[in-house]
Amino acid sequence: MHELAVAQGLVMEAERVAAAHRAALVERIVVRVGALSGVEPELLERAFDIARAGTCARNATLEFEQGAIEIKCRSCGSHSVAAAPNRLICGACGGWQVDVTAGEDLLLVRLELSDLGAETEPPQLSEPEARSV
């Protein structure tokens, strides 16, 4: 189930952004899932429940936006939106020789953070650790 690895990556990125903004918690994560990304939102949501445990995103909600499949025709050069994942046909000339320009991706669109600038103590390094860094 590769959705678990994807969920862990989302949580890791959310933690990195939260730390950069000195936020104590991640409240909401919004991702855009392309129809050709190979990611199943329902499975990603289940995996997210596991991945967020014990992190600053432990109470975060995960929301999805559907990404459109955009194509460029090799014959006429036209850009269009595909009607369905299994119907990659040029909207202008009906040609089937197209390149997918969007819809294969999974994008982290937005994070909502709380307790910005929280005064948390950074971890203290012991003297030998501090020298080896």
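Me: What is the mean pLDDT of the protein?

Reply: This is a predicted model, and its mean pLDDT is 88. Of its residues, 86% reach 70 or more.

Me: Where is the pLDDT below 50?

Reply: It is below 50 over residues 120-133. Beyond near neighbours in sequence, that stretch has two contacts in the model. Where pLDDT is low, the predicted coordinates should not be read in detail.

Me: On to the sheets. In what order do the strands of the mixed sheet stand?

Reply: The order is S2-S1-S6, in an open sheet of three strands. S2 and S6 are the edge strands, each pairing on one side only. From one strand to the next, the twist averages 20 degrees.

Me: Which helix packs on that sheet, touching S1 and S6?

Reply: That is H1, whose direction makes about 45 degrees with that of S6.

Me: In which sense does S1 pair with S6, and in which with S2?

Reply: Strand S1 (residues 23-34) pairs with strand S6 (residues 106-116) in the antiparallel sense, over nine bridges. With strand S2 (residues 61-67), S1 pairs in the parallel sense, over seven bridges.

Me: Which residues stand opposite one another there?

Reply: On the S6 side, Ala-23 stands opposite Leu-116. On the S2 side, Ile-29 stands opposite Leu-62, and Gly-34 has Gly-67 as its bridge partner.

Me: What does the chain pass through between S1 and S2?

Reply: It crosses through helix H2 (residues 41-51), and this β-α-β crossover is right-handed. H2 lies across S1 and S2, running at about 160 degrees to S2.

Me: Which residues of H2 are buried?

Reply: They are Leu-44, Ala-47, Phe-48 and Ala-51. Seen down the axis of H2, these buried residues fall within an arc of 110 degrees, so they line one face of the helix.

Me: Why would such a spacing put residues on one side?

Reply: An α-helix has 3.6 residues a turn, so residues three or four places apart point the same way.

Me: What covers the buried residues of H2, and what is on the face turned away?

Reply: The cover includes helix H1 (2-20), S1 and S2. The face turned away from the buried side carries the exposed residues Arg-46 and Ile-50.

Me: Now the loop between H2 and S2. Is Thr-55 buried or exposed?

Reply: Thr-55, which has its place in that loop, has a relative accessible area of 10%. Buried means under 20%, so Thr-55 counts as buried.

Me: What is Thr-55 in contact with, leaving aside its neighbours within four places in sequence?

Reply: Thr-55 is in contact with Val-11 and Glu-15. Thr-55 and Val-26 are 29 residues apart in sequence, and their C-alpha atoms are 9.0 Å apart in space.

Me: Back to strands. Which ones form the antiparallel sheet?

Reply: Three strands form this open sheet, in the order S4-S3-S5. Its edge strands are strand S4 (79-81) and strand S5 (98-102), each of which pairs on one side only. Neighbouring strands of this sheet are turned by 35 degrees against each other on average, direction ignored.

Me: How many bridges join S3 to S5?

Reply: Four bridges join strand S3 (residues 70-73) to S5, and the two run antiparallel. In S5, Val-100 is the bridge partner of Ile-71.

Terms used
Residues are numbered from 1 along each chain as its sequence is written. This is a predicted model: local features need pLDDT of at least 70, side-chain atom pairs count only at pLDDT 80 or more; totals for chains, interfaces and linings use all residues. Side-chain values use heavy atoms; hydrogens and water are left out. Two strands pair if DSSP finds at least two bridges between them. Axes are lines fitted to C-alpha atoms, for helices over the stretch in contact, and angles run from 0 to 180 degrees between N-to-C directions. A crossover is right-handed if, with the strands pointing away from the viewer, the path from the first strand over the helix to the second runs clockwise. pLDDT is the predictor's confidence in each residue, from 0 to 100. Contact means heavy atoms within 4.5 Å. Buried means under 20% relative accessible area, exposed over 50%, partly exposed in between (1.4 Å probe, protein chains only). The arc is that of the directions from the helix axis to the C-beta atoms.
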